[in-house]
Amino acid sequence: MKRTQIYGMMAEFDTPDSIVHAARLTHAAGYRRIDAYSPFPIEALAEAMDFHASGVPLVVLIGGILGGLSGFFLQYWIHVIHYPINVGGRPLNSWPAFIVVTFEMTILFAGIFAVFGMLALNGLPMPYHPVFNVPRFAFATKDRFFLIIFSSDPKYDPAETRRFLEGMNPRSIAEVPS
Amino acid sequence: MDDRAQDVMNKQAPVIEPGYTFGTVTDKISSIVLTRPTSNGWFLGFGIAFLVTMGLLYAVGYLFVRGVGIWGVNIPVGWGFAIVNFVWWIGIGHAGTLISAILLLLRQSWRNSINRFAEAMTLFAVACAGMFPVLHLGRPWLAYWLFPYPNTMSVWPQFRSPLVWDVFAVSTYATISLLFWFIGLIPDLATLRDRSENRAAQIIYGMLAMGWRGSAQHWARYEMAYLLLAGLATPLVLSVHTVVSFDFAIGIVPGWHTTIFPPYFVAGAIYSGFAMVLMLAIPIRKFYGLEDFITDRHLNNSAKVMLATGLIVAYGYGIEAFMGWYSGNRTDAFLLWNRLHGPYAFFYYLLLTCNIAIPQVLWIKKVRTHPGWLFLISGVILMGMWLERFIIVVVSLHRDFLTSSWGMFYPTRWDWMTYIGTIGFFLACMFLFLRVLPMISIFEMRTLLPEAEVKAE
C-alpha cells in the first residue's frame with residue numbers, strides 16, 4: 001500500500017439522516033478536517049460539522065456597495081464634470097434621475113459578486129479532485145451520501161479511522177488516493 | 001411532513017406524486033437528456049421553429065439593407081411593432097424570475113419543478129426582447145453607443161432619459177437571469193456528468209459543472225449565494241418592467257403620462273409570463289410524461305396567479321378609463337373616446353375580452369386543473385397582452401394633441417415576419433434547451449421527497 005498518497009478515508013451512507021448523524025459523531029469524536037457530500041443541500045449537515053457560510057454575504061455586500069458607487073459616480077462624472085450641459089439652469093447633479101441606473105448597477109455588481117464569489121470561495125472551477133478517484137463517488141450526485149476524513153487531520157490514522165467509520169454502519173468504506 | 005399532511009387535508013394535488021426516490025427522480029429527468037432517443041416530434045417541432053427563425057433572419061437581413069422604412073412605422077406612430085414586441089417579450093420573461101426568485105423567498109416549494117424551464121423561458125424571451133430596440137435604432141450597427149464608453153467624440157448617453165435607464169435595466173436583468181439560471185444548473189450538470197456514458201457528453205457536462213462535488217461546505221455557500229441572488233432578483237424584476245413603463249410614463253403623450261403605469265405594467269408582465277409558462281408546461285409534461293412532477297397543483301397555482309394579476313390589470317384599465325373622465329383633461333378624455341370609438345376600437349374591445357372577460361372562467365376550479373382549457377386561455381391571455389401593448393403604443397401615438405398631426409399605423413409583412421420570427425427563435429431555443437439540459441431542477445426535486453427530511457435530534 002502506498003501510504004503517503006492517501007487523501008482521506010471515505011464512508012458511504014444511504015440516507016440524509018444517517019449522514020447527518022455520522023457527521024455529528026465524527027465532529028464530536030474530535031475530527032476537524034472532514035467533509036460530507038450530498039446530492040442536494042442539507043442544512044443540518046453543514047451545521048453538524050460546525051460550518052457557516054459567512055464569507056458569501058460579505059462578498060455580496062462589497063459588490064453591492066461597489067456597484068452602487070460606480071453607478072452613481074459614473075453618471076455624476078459624465079453629467080457634472082466631464083460634459084456638463086446647462087439646460088435652463090437646472091442643477092447638473094440631478095440625482096433623482098440617477099437613481100435607476102445606480103440601483104441597477106448595485107444589483108448587477110452584487111449578483112455577479114454573489115455567483116463568482118461563491119465559486120471562488122468554493123475553489124471552483126476545479127478540474128481535478130481526489131474524491132472522484134473513488135468509483136462509487138459518482139453516486140454522490142444521485143442518491144448516496146459520503147463522509148470523508150482527510151488524511152491531513154491530526155487525528156487521522158488509517159486503521160483507527162477506518163474502525164471509527166465502520167462503527168457507524170456505512171454502506172461502504174474506501175481509501176481515497178490523491 | 002407538515003406540507004404534505006396539509007395537502008391531504010385540503011384535498012390538494014401533491015407537488016410530486018408519491019413513490020419516487022432520489023434515484024428514480026434523477027433517472028427520470030436525466031434520461032430525457034442522456035438516454036432516451038430524440039423523438040420525431042422533437043425534430044418536427046424544432047424543424048418548424050428553425051425555419052421560422054430563418055424567416056426572422058431574412059426579415060432582419062432585409063431590414064439592415066433597406067432600413068426601418070420597410071416597417072409600418074412613420075410619424076406620428078414612430079414606435080410601432082418593434083416596441084410592442086419588446087414590451088411583450090420582456091413581460092413574458094418576468095414570470096420566470098418571479099417563479100425562481102420570489103416564490104423561493106416565499107418558500108413555495110411547488111416552484112421547484114417548474115423554475116428551471118421558466119428561467120430558460122425568461123432568458124430566451126429577454127433575448128427576443130433585446131433584439132427589437134436595437135433593430136429599431138435605424139443604425140443598429142451603432143447600438144454600442146447606448147453604453148457609456150470612453151470615446152474620442154466625448155459623447156455620452158443621457159442618463160436623465162428613461163431610454164438609457166432601460167438599457168441598464170434590461171442588460172442587468174439579462175445578466176442576472178443568466179447567472180441565476182446557470183448557478184441553478186451547476187449541481188444538475190454534475191449529475192449529468194456522472195450519469196452520462198458518452199465521453200463527449202462527460203467532458204462537456206464536466207467542464208460546465210466546474211468540478212462540483214456536492215460538498216456540504218459548498219452547498220452551504222451555494223444556498224447562501226442562491227438565496228441572496230433571489231433577494232437581489234426580486235426587486236430587480238419589479239424594477240425592470242417599472243423602468244419599461246417609465247419609457248412611456250415620463251413622456252407627455254396622452255395615455256402614457258400616468259402614475260398607474262409601473263404597477264400595472266408589472267402585473268401585466270407576470271400575467272403574460274404565467275400564460276407562457278402554462279403554454280410551455282402543458283405540452284412539455286404531456287410529451288415527456290412528466291405529469292408526476294408537473295401536477296395539477298402547478299396548473300392550479302399558476303392559474304390562480306394569472307387570475308390575481310389579471311384582476312390587477314383590469315383595475316389598471318379601470319383607472320385609466322376613470323382618469324380619462326375624472327381628470328377633466330380634454331386630451332385624456334379624447335384618448336378614452338378614441339379607444340372606444342376610434343379606428344382601432346375593435347382591438348380595444350378584443351383586448352378587454354381577452355384580458356378581462358375570458359380569464360374570469362379561471363374562478364372555476366375545474367378549468368384551473370384542465371390542461372386543454374388552460375392552454376387555450378393562456379393563448380388568449382398572451383394575445384390580449386400583446387394587444388394591450390399595441391393599444392398603448394399605437395392608439396396613444398396616432399392621435400395626440402394636434403389634429404393636424406394625426407395618422408394611422410398599418411403593419412407591413414416585414415413587421416409580421418420579424419414578430420413571428422422571434423416566436424420561432426424563442427421556440428427553437430426552448431427545443432434545444434429541452435434536449436440538452438435537464439428541464440426540471442433535479443437537485444431541488446430531491447429536496448421535495450419525503451426521504452429528504454432529516455429528523456430533528
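## Basis of the description

Helices (H or I, at least four residues) and strands (E, at least two) are DSSP runs, numbered from the N terminus. The structure is a predicted model, in which local features need pLDDT of at least 70 and side-chain atom pairs count only at pLDDT 80 or more, while totals for chains, interfaces and linings use all residues. Residues are numbered from 1 along each chain as its sequence is written, and chains are lettered from A and ligands numbered from 1 in the order in which they are written.

## Chain B

Chain B has 16 helices and 0 strands. Its radius of gyration, taken over C-alpha atoms, is 23 Å; the globule rule (2.2 Å times the number of residues to the power 0.38) gives 23 Å for 457 residues, so chain B is as compact as a globular protein of that length. Along the principal axes, the C-alpha atoms of chain B fill a box of roughly 75 × 55 × 45 Å.

Of the 457 residues of chain B, 48% are buried, a term that requires 20 or more other C-beta atoms within 10 Å of the residue's own, with C-beta atoms placed from the backbone (exposed: 12 or fewer; partly exposed: in between). Contacts are pairs of residues whose C-beta atoms, placed from the backbone, lie within 7 Å. Among those in chain B between residues at least 6 apart in sequence, 82% join residues at least 24 apart.

## Domains and strands of chain A

The domain assignment, automatic or from a database, divides chain A into domain 1 (6–47 + 141–177) and domain 2 (56–121). The C-alpha centres of these two domains of chain A lie 45 Å apart.

Strand β1 of chain A (residues 6–13) contains Met9(A), which is buried, with 24 other C-beta atoms within 10 Å. Residues touched by Met9(A) include Ile148(A), Thr161(A) and Leu165(A). Met9(A) and Ile148(A) are 139 residues apart in sequence, yet 5.5 Å apart in space, C-alpha to C-alpha.

β2(A) and β3(A) (residues 145–150) pair in the antiparallel sense over 4 bridges, pairing being assigned if DSSP finds at least two bridges. Ala36(A) has Leu147(A) as its bridge partner in β3(A). Ile34(A) and Ala36(A) point one way from β2(A), Asp35(A) and Tyr37(A) point the other way, and all are buried.

## Interface between chains A and B

In chain A, 55 residues are in contact with 49 residues of chain B. Elements giving two or more residues to the chain A side include α1 (16–28), β2 (34–37) and α3 (55–82). The most comes from α4(A), with 15 residues.

Note on methods: Contact = placed C-beta atoms within 7 Å. Lists of a residue's contacts leave out its neighbours within four places in sequence.
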